[in-house]
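Me: I would like to learn how to read salt bridges and helix faces in a model like this one. Could you take me through them one at a time?

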Amino acid sequence: LQDIAHSRADIEQCRLLVYKAAGLMDERGNKDAYTRQLLSLVKARIPITVQRIADKCIQAHGAMGISQDTPLWFSFAGARWLRIADGPDEVHLRTAARLELRRQKKSPLSKLGPYYPDRNKVFRRSVDPISAKAEAVLKDYSKL
């Protein structure tokens, strides 16, 4: 039953990704960076999801899943073929990642820079005293 719920969630995730990408295509066109990023995610994510769901269905049906009595094998092969025909998933994911990094460079948070903790300041030293309550809890746990 969990596989069915996970599959439904994956389908809804892909559907919402397509709706958002289509809406942005209508509003901004396909030259917009965020639209191109979503289109790359759609091209990478949907064939993988379809193939994974078809694989779960084949697994659930056993030997009947790969016979010609059900369309499961053809849907699995079609999804795999689509992944090959549309180009490697890595190319689409790389495009989405590059666009994300470019977008994050423009973020005001990128100017904060990295956080380097001061190693000389210690929050708590091992020689600091422990409260009586904590000591009792440790004693109880050490009996186990």
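Me: Which residue does Asp89 meet in a salt bridge?

Reply: A salt bridge here is a side-chain nitrogen of Lys or Arg within 4 Å of a carboxyl oxygen of Asp or Glu, and the side chains of Asp89 and Arg83 meet in one, at 2.7 Å from N to O. This is a predicted model, in which local features need pLDDT of at least 70 and side-chain atom pairs count only at pLDDT 80 or more, while totals for chains, interfaces and linings use all residues. Residues are numbered from 1 along each chain as its sequence is written, and side-chain values use heavy atoms, with hydrogens and water left out.

Me: How many salt bridges are found in the whole structure, and which residues are linked in a network?

Reply: The search finds 6 salt bridges, and Arg8, Glu12 and Arg15 are linked in a network of them. The closest N and O atoms of Arg8 and Glu12 are 3.0 Å apart, and Glu12 also meets Arg15, at 2.9 Å from N to O.

Me: Why can such residues meet along a helix?

Reply: An α-helix has 3.6 residues a turn, so residues three or four places apart point the same way. Helices are DSSP runs of H or I with at least four residues, numbered from the N terminus. Arg8 and Glu12 both lie in helix H1 (residues 2-28), 4 residues apart, while Glu12 and Arg15 are 3 residues apart in H1, about one helical turn. Arg8 is partly exposed at 43% relative accessibility, as is Glu12 at 30%.

Me: Which residues of H3 are buried, and where do they fall around its axis?

Reply: The buried residues of H3 are Leu72, Phe76 and Ala79. Seen down the axis, they fall within an arc of 65 degrees (taken from the directions from the helix axis to the C-beta atoms), so they line one face of the helix. These buried residues pack against helix H2 (33-61), where contact means heavy atoms within 4.5 Å.

Me: Which exposed residues does the face turned away from that buried side carry?

Reply: That face of H3 carries the exposed residues Phe74, Trp81, Ile84 and Ala85. Just after H3, Gly87 takes a positive phi of about 105 degrees.

Terms used:
Buried < 20%, exposed > 50% of the residue type's maximum accessible area, 1.4 Å probe, protein only. Helix = DSSP H or I, 4+ residues; strand = E, 2+ residues; numbered from the N terminus.
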